[in-house]
Amino acid sequence: MLSLTAVLVAVVCVLIVWIFKPADRSLQKKEREPETRPWVDEDLKDSTDLHQVQEDVDEWPESEEDVEHIPFSHTRYPEKEMAKRSQEFYELLNKRRSVRFISNEPVPMEVINNVIKAAGTAPSGAHTEPWTFVVVKDPDTKHKIREIIEKEEEINYMKRMGQRWVTDLKKLRTNWVKEYLDTAPVLILIFKQVHGFTASGKKKVHYYNEISVSIACGILLAALQNAGLVTVTTTPLNCGPPLRMLLGRPPHEKLLMLLPVGYPSKEATVPDLKRKALDQIMVTV
């Protein structure tokens, strides 16, 4: 009986070793593998002040002020003029293209002011207007921005994005070299404010801040097209924190988009892409 018990104990020990050894080998293999950087936007992980926001939630005022409601002023057009205006606006925006070859010719600052004012008319959650538009004209700062972005973009193309994404971009002939960050006379960096502050300095909720700022970006693109300027939408992965530090922006602002703005260079080309037809993008119920 004792010998049988000893045999059973031995069998159990062998099974335990057999079960855990593959896991141990896997762990050792994992330890030997070089550490790779994760495919995440570091700015989205930057939540150093989020716990404080939660702690202050009980101290947020229900409403900062009462807003008077006034009669709405509206211009109504005849149907023919409505159709004409809508067609002309469509044709204007249908000419918009993502242009990566931008001239260094200066653009009027008045125009930049106006297009950003137009972007600032966007709707926002509870009218919190959670956007900051940083306009960069200084050549040295533009070059530092380029250095930060190209360093991260090379890693994006080589590791983070994956073969499928890189292959899908080949038709656009794009890579991590972003010469337009130097040549464009103006860079506009759009930051979303994840929260704001009340007059007393308490944190204030910014509802739907990313959606609100994205709408503002869409209006900005339309305004730039209307003004005769070109740009290309860039969302540099993992560049938010260093760019925020470079530009002296506070921690509650997160980079959402970067737009190099200017006139197209004389040698500018764009891929001959086609847009989806109306019946492919609209459903009527």
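How many bridges join strand E2 to E5?

## The open sheet

In this predicted model, eight bridges join strand E2, which covers residues 186–193, to strand E5, and the two strands run antiparallel. Within this pair, Ile188 of the model stands opposite Leu259, a residue of E5.

The sheet to which they belong is an open one of three strands, arranged in the order E1-E2-E5 with antiparallel pairing. Strand E1 (131–136) and strand E5 (253–261) stand at the edges, and because each has a single partner strand, one side of each is left without a neighbour in the sheet. From one strand to the next, the twist averages 20°.

## A helix packed on the sheet

Helix H5, made up of residues 109–119, packs on the sheet and touches E1, E2 and E5. The direction of helix H5 makes about 165° with that of strand E1.

Gln225 lies in helix H9, which spans residues 209–227. The relative accessible area of Gln225 is 14%, and Gln225 is therefore counted as buried, since the cut-off for that class is under 20%. When its neighbours within four places in sequence are left aside, Gln225 is in contact with Leu92, Leu93, Lys95 and Arg96.

## A nonpolar patch on the surface

Tyr208 is found in the loop between strand E4 (203–205) and helix H9. Together with Tyr207, Ile211 and Ile215, Tyr208 forms a nonpolar patch on the surface, and the four residues have about 460 Å² of accessible area together.

Methods. Residues are numbered from 1 along each chain as its sequence is written. This is a predicted model: local features need pLDDT of at least 70, side-chain atom pairs count only at pLDDT 80 or more; totals for chains, interfaces and linings use all residues. Side-chain values use heavy atoms; hydrogens and water are left out. Two strands pair if DSSP finds at least two bridges between them. Helices (H or I, at least four residues) and strands (E, at least two) are DSSP runs, numbered from the N terminus. Axes are lines fitted to C-alpha atoms, for helices over the stretch in contact, and angles run from 0 to 180 degrees between N-to-C directions. Contact means heavy atoms within 4.5 Å. Buried means under 20% relative accessible area, exposed over 50%, partly exposed in between (1.4 Å probe, protein chains only). Patches are made of residues with over 30% relative accessible area and no salt bridge: like charges are joined within 9 Å, nonpolar side chains (Val, Leu, Ile, Met, Phe, Trp, Tyr) within 5 Å. Accessible areas come from the Shrake-Rupley method with a 1.4 Å probe; for residues, only the protein chains shown count as cover. A salt bridge is a side-chain nitrogen of Lys or Arg within 4 Å of a carboxyl oxygen of Asp or Glu.
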